[in-house]
Amino acid sequence: MTPHNPLGDPLFARTATAVGAALLILLIGALWREWRRRCRPDERALLVPVLTASAVIAIFLVSLFAGGFVLICFAAAVASVGAVEYSVLAHLGRVGAGLLVSWSVAGAVLATASDAGQLLLLPVTLLLAATAVPIVSGRVEGAHLKVGAVVFGYVYIGLPMAYLVLIRTEQPWGLQLLLTSVAAAWLADTCAYMVGSKVGGPKLAPRVSPNKTWSGLAGSLAGAILGVLVMHRLLALPGRLGALVLLGVVIAASAVWGDLVESVVKRDFGVKDAGVVLPGFGGVLDRFDSLFVTIPSTYYLVLGGHLLDG
């Protein structure tokens, strides 16, 4: 659990330089958009989201390269805040929220000394704990709905953050996979927004997320594949071209699916944003939703298909 000094890792310098250059381009674009908004006030402001994303990415990079308890704290913080946001939306109450947050923190800690099979026991133990509440208290009205909501919240939010720690700790290729998955997923989100807003066209899931289009999905796919190929060069990532493209396809599909899952939750409870802690985005769930599905999906894809073999 001892963290490393990121500044002593040559890979950190290369990655930080590349990410910094990309964020600088986004910042210039956001400032240009602010200048245009003087004549077109209806256009979406991008400066605040870009500044927020820059801060989040910087913290994530340092945590990921440092590893150890630094990464555990990051994963536990993201999972805990996301769990609180979800608990408020789902009206879980103090007991349900406490269980969800406790298991999210415990999962991030235990992931350093567990394998994937042991990690999957956490939802089972949470189910036992959640069902114990109505059994002991005798409050059975709507109990199965709250129990289901608690377990779903952990599988959707807490467990993926435990996988973040597990992948970094367990696998020699964990750091490279996480960097690639996160970069490709966020580039997929960016390209989906850019293409979808410019091209438009048929809706992808109009009753779930009216702004998502099939053209945006195509942009997401292109962005994810581009992100994987760029990270392949930057990180000297092993793997053949076909395997890298497949990884990009899975990342794109996972990112879109994670976004749609959050849209289902928000639409079910009639809210626009899951929280307010990240200016320009809303809550943690609004920023990390795509990663909740991407992280475990890419882990099992690479593990089962040996995609990162040389």
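This is a predicted model: local features need pLDDT of at least 70, side-chain atom pairs count only at pLDDT 80 or more; totals for chains, interfaces and linings use all residues.
Helix α2 runs over residues 47-66 and helix α3 over residues 68-90, and their axes sit 7 Å apart at an angle of about 140°. Anything over 145 degrees would count as roughly antiparallel, so α2 ends up oblique to α3. If you want to click on the side chains, I59, F60, S63, L64 and A66 are the α2 residues, and across from them you'll find G68, V70, L71 and F74 in α3. Sort that contact by class and you get seven nonpolar residues, two polar ones and no charged ones.

Now stay on α3 and turn to another partner, α7. Here the axes come within 10 Å and cross at roughly 165°, and that makes α3 roughly antiparallel to α7. The handedness here is right-handed. From α3 we have L71, I72, F74, A75, V78, A79, G82, A83 and Y86. They meet A149, F152, G153, I157, G158, M161, L164, V165 and R168 in α7. By class, that contact has 14 nonpolar, three polar and one charged residues. Notice L71 and F74, by the way: they turn up in the contact with α2 and again in the contact with α7.

While we're on α7, a word about rings. The structure holds twelve aromatic pairs, and I'll show you one of them. Y156 and F292 pair edge-to-face, 5.3 Å centre to centre with 75° between the planes. Why pick that one? Y156 is in helix α7, residues 143-170, while F292 is in helix α11, residues 284-305, so the pair ties together parts that are 136 residues apart in sequence.

Next, over to α8 and α10. Helix α8 covers residues 174-199, and its axis comes within 9 Å of the α10 axis, crossing at roughly 60°. That makes α8 oblique to α10, and the crossing is right-handed. On the α8 side we have T180, S181, A184, A185 and D189, with L247, I251 and A255 coming from α10. The class tally is five nonpolar, two polar and one charged residues.

Last stop, α10 itself. How far apart should the ends of a helix with 29 residues be? At 1.5 Å a residue, α10, residues 241-269, should span 42 Å, and its end C-alpha atoms are 43 Å apart, which agrees. And just after α10 comes G270, with a positive phi of about 70°.

That's my tour, so over to you.

How values were computed: Residues are numbered from 1 along each chain as its sequence is written. Side-chain values use heavy atoms; hydrogens and water are left out. Axes are lines fitted to C-alpha atoms, for helices over the stretch in contact, and angles run from 0 to 180 degrees between N-to-C directions. Helices (H or I, at least four residues) and strands (E, at least two) are DSSP runs, numbered from the N terminus. Angles under 35 degrees count as roughly parallel, over 145 as roughly antiparallel, 65 to 115 as roughly perpendicular and the rest as oblique. Contact means heavy atoms within 4.5 Å. Ala, Val, Leu, Ile, Met, Phe, Trp, Tyr, Cys and Pro count as nonpolar, Asp, Glu, Lys and Arg as charged, and the others, Gly among them, as polar. The expected span of a helix is 1.5 Å times one less than its number of residues. Rings of Phe, Tyr and Trp (its six-membered ring) pair if their centres lie within 6.5 Å; planes under 30 degrees apart count as stacked, over 60 as edge-to-face and the rest as tilted. A crossing is left-handed if the near helix is turned anticlockwise from the far one by less than a right angle, and right-handed if clockwise.
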